[in-house]
Amino acid sequence: MWSNNSAAPFLLTGFLGSEAIHHWISIPFFIIYLSILLGNGTLLVLIWNDHSLHEPMYYFLAMLAGTDLGMTLTTMPTVLGVLLLNQREIAHGACFTQSYFIHTLAIVESGILLAMAYDRFIAIRTPLRYNSILTSSQVMKIGLGVMLRGFVSIVPPILPLYWFPYCRSHVLSHAFCLHQDVMKLACADITFNRIYPVILVALTFFLDALIIVFSYVLILKTVVGIASGEERAKALNTCVSHISCVLVFYITVIGLTFIHRFGKHAPHVVHITMSYVYFLFPPFMNPIIYSIKTKQIQRSILRLFSRHSTA
């Protein structure tokens with residue numbers, strides 16, 4: 001019985017009870033996905049082409065935009081496939097791979113936000129040594145470290161999914177594959193798969209958030225010590241975009257965690273909606289936040305458009 005059922009593909013789920021209007025629901029999803037691709041793609045093009053943006057802060061921003069694009073391209077095919085084409089079946093290998101990239105990129109995003117906090121910390125605490133501490137090679141090493149942490153740490157819980165037998169229902173609760181969703185369908189001892197993610201979340205998301213808070217406490221202490229009110233405002237203004245992105249990311253993480261842990265009796269649509277907010281809101285908001293709050297990005301956008309209009 002196990003071997004027959006184990007071979008059957010998993011079934012993705014859209015909005016339960018609203019299948020008849022899935023094609024209408026797909027319209028706002030398509031618009032949001034398009035906005036994310038356009039916004040983050042534009043940021044990458046600006047940072048690549050504009051030499052005034054070739055600074056550590058913008059290199060980290062490019063990493064953030066790249067991660068957001070990666071997350072979007074990982075979930076978009078199955079979400080739109082379910083909503084537009086009712087394409088619910090997904091092969092085991094494709095499902096586990098999607099799950100791997102979703103969880104990896106979430107940890108990478110958290111790491112990049114931490115790296116950006118370090119960048120602001122150095123810029124405000126030791127401005128004269130900023131360029132000598134955060135050289136291009138140092139930025140690349142930090143970026144590589146953040147990527148490695150994400151891509152390596154997710155391997156242990158994902159690998160066992162490939163050899164677990166699946167004899168229960170093959171229906172997943174989302175339109176994409178999540179580790180916690182898939183492991184519940186396994187007919188095997190999943191103790192490791194239950195414990196490891198909790199430890200991993202504590203050592204990544206939770207620890208990153210603590211270090212970010214601590215770095216901003218030190219930044220505030222430095223800013224308070226600046227005599228000129230104008231200089232204080234200028235120093236804090238360089239942090240506003242990053243703080244906004246951190247809040248957007250961690251509030252959605254905390255919201256999703258609370259819904260999963262304490263919202264057992266909440267309607268299914270609340271769980272589903274919260275998971276979409278988690279995956280779509282930060283990638284959607286990050287380019288908007290940086291475009292509104294960062295004058296150099298605004299100038300770069302204007303230069304890009306003026307160049308195209310004169311061409």
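Q: Is Asn86 buried or exposed?

A: This is a predicted model, so read every value as computed from it. Burial is judged by relative accessible area, and exposed means over 50%. Asn86 has 54%, so Asn86 is exposed.

Q: Where is the place of Asn86, and what is its phi?

A: Asn86 sits in the loop between helix 3 and strand 2 (89-90). Its phi is near 55°. That is a positive value in a residue other than glycine.

Q: How do I read the packing of helix 3 and helix 4: at what angle do their axes cross?

A: Start with the axes. Those of helix 3 (residues 56-85) and helix 4 (residues 92-125) come within 9 Å. They cross at roughly 165°. Angles over 145 degrees count as roughly antiparallel. Helix 3 and helix 4 are therefore roughly antiparallel to each other. The crossing of helix 3 past helix 4 is left-handed.

Q: Which classes of residue make up the contact of helix 3 with helix 4?

A: The contact has 16 nonpolar residues, six polar and four charged.

Q: Are helix 4 and helix 9 roughly parallel or antiparallel?

A: Again, take the angle. The axes of helix 4 and helix 9 cross at roughly 15° and come within 9 Å. Angles under 35 degrees count as roughly parallel, and helix 4 and helix 9 are therefore roughly parallel to each other. Helix 4 passes helix 9 in a left-handed crossing.

Q: Which residues make the contact of helix 4 with helix 9?

A: From helix 4, they include Ala106, Ile107, Ser110, Leu113, Leu114, Ala117 and Phe121. From helix 9, they include Leu200, Thr204, Phe205, Asp208, Ile211, Ile212 and Ser215. By class, the residues of this contact divide into 15 nonpolar, five polar and three charged.

Q: How do helix 4 and helix 10 pack: at what angle, and how far apart are their axes?

A: Helix 4 and helix 10 (residues 229-262) pack at about 165°, with axes 11 Å apart. Helix 4 and helix 10 are therefore roughly antiparallel to each other. Their crossing is left-handed.

Q: Which residues of helix 4 and helix 10 meet?

A: On helix 4, the residues are Ala106, Glu109, Ser110, Leu113, Met116, Ala117, Arg120 and Ile124. On helix 10, they are Ala235, Thr238, Cys239, His242, Cys245, Val246, Phe249 and Tyr250. The contact of helix 4 with helix 10 has eleven nonpolar, three polar and two charged residues.

Q: Why do residues three or four places apart in an α-helix point the same way?

A: An α-helix has 3.6 residues a turn, so residues three or four places apart point the same way. Now take helix 7 (residues 155-163). Pro157, Ile158, Pro160 and Leu161 are buried there. Seen down the axis of helix 7, its buried residues fall within an arc of 160°, so they line one face of the helix.

Q: Which helices do the buried residues of helix 7 pack against?

A: They pack against helix 4, helix 6 (136-153), helix 8 (179-183) and helix 9 (191-224).

Q: Is Asn193 buried or exposed, and which residues is Asn193 in contact with?

A: Asn193 belongs to helix 9. It counts as buried, because its relative accessibility is 2%, and buried means under 20%. Set aside neighbours within four places in sequence. Asn193 is then in contact with Pro157, Pro160 and Leu161, as well as Phe164, His179 and Met183.

Q: Which residues does Gly150 touch?

A: Gly150 lies in helix 6. At 0% relative accessibility, Gly150 counts as buried. Not counting residues up to four places away in sequence, Gly150 touches Thr104, Ile107 and Val108. The C-alpha atoms of Gly150 and His103 are separated by 8.0 Å, although these residues are 47 apart along the chain.

Q: Where does Phe281 lie, and which residues is Phe281 in contact with?

A: Phe281 lies in helix 11 (residues 268-293). At 37% relative accessibility, Phe281 counts as partly exposed. Leaving aside neighbours within four places in sequence, Phe281 is in contact with Val248, Thr252 and Tyr276. Phe281 and Thr252 are 29 residues apart along the chain, with 8.0 Å between their C-alpha atoms.

Conventions:
Residues are numbered from 1 along each chain as its sequence is written. This is a predicted model: local features need pLDDT of at least 70, side-chain atom pairs count only at pLDDT 80 or more; totals for chains, interfaces and linings use all residues. Side-chain values use heavy atoms; hydrogens and water are left out. Axes are lines fitted to C-alpha atoms, for helices over the stretch in contact, and angles run from 0 to 180 degrees between N-to-C directions. Helices (H or I, at least four residues) and strands (E, at least two) are DSSP runs, numbered from the N terminus. Angles under 35 degrees count as roughly parallel, over 145 as roughly antiparallel, 65 to 115 as roughly perpendicular and the rest as oblique. A crossing is left-handed if the near helix is turned anticlockwise from the far one by less than a right angle, and right-handed if clockwise. Ala, Val, Leu, Ile, Met, Phe, Trp, Tyr, Cys and Pro count as nonpolar, Asp, Glu, Lys and Arg as charged, and the others, Gly among them, as polar. Buried means under 20% relative accessible area, exposed over 50%, partly exposed in between (1.4 Å probe, protein chains only). The arc is that of the directions from the helix axis to the C-beta atoms. Contact means heavy atoms within 4.5 Å.
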